[in-house]
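Reader: I'm new to reading protein models. Could you take me slowly through one single part of this one?

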Amino acid sequence: MSAYIIADVEITDPVRYAEYVKVVPATIARYGGRFVVRGGRTETLEGPWSPKRVVVLEFPTFERAKEWWASQDYSAPRALRQSASISRLIVVQGV
């Protein structure tokens, strides 16, 4: 069953974040993941949520998504993202 990592990202350092954008796709692909949404237009329909940049990643399983996030492959890119943004991430199992 597929799983999704959903991120709401507020970029605080665009130059460093651009570096992250270049290096992260290869790490996602190594774990069978792919981008579903990568910073497209958003519009709040209900509630107070006002995301800055929404990213949705799809992985083959919940476990694979968590493996990617905790992996050595992603550790340096994750630190780069964390230094260049304020991020909120969740992982959710699909149907």
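**A close look at helix α3**

Author: Let's start where two helices meet: W68, W69 and A70 in α2 touch Q72, Y74, R78 and R81 in α3, a contact being heavy atoms within 4.5 Å. By class, this contact has four nonpolar, one polar and two charged residues. Here Ala, Val, Leu, Ile, Met, Phe, Trp, Tyr, Cys and Pro count as nonpolar, Asp, Glu, Lys and Arg as charged, and the others, Gly among them, as polar.

This is a predicted model, in which local features need pLDDT of at least 70, side-chain atom pairs count only at pLDDT 80 or more, and totals for chains, interfaces and linings use all residues. Residues are numbered from 1 along each chain as its sequence is written, and side-chain values use heavy atoms, leaving out hydrogens and water.

Helix α3 itself covers residues 72-84, 13 residues in all. From first C-alpha to last, α3 reaches 19 Å, close to the 18 Å expected at 1.5 Å a residue; that expected span is 1.5 Å times one less than the number of residues.

Now look inward: Y74, P77, R78, L80, R81 and A84 of α3 are buried, meaning under 20% relative accessible area (1.4 Å probe, protein chains only). Their cover includes β1 (3-11), α1 (14-30), α2 (62-70) and β4 (85-93).

Conventions:
Helix = DSSP H or I, 4+ residues; strand = E, 2+ residues; numbered from the N terminus. Buried < 20%, exposed > 50% of the residue type's maximum accessible area, 1.4 Å probe, protein only.
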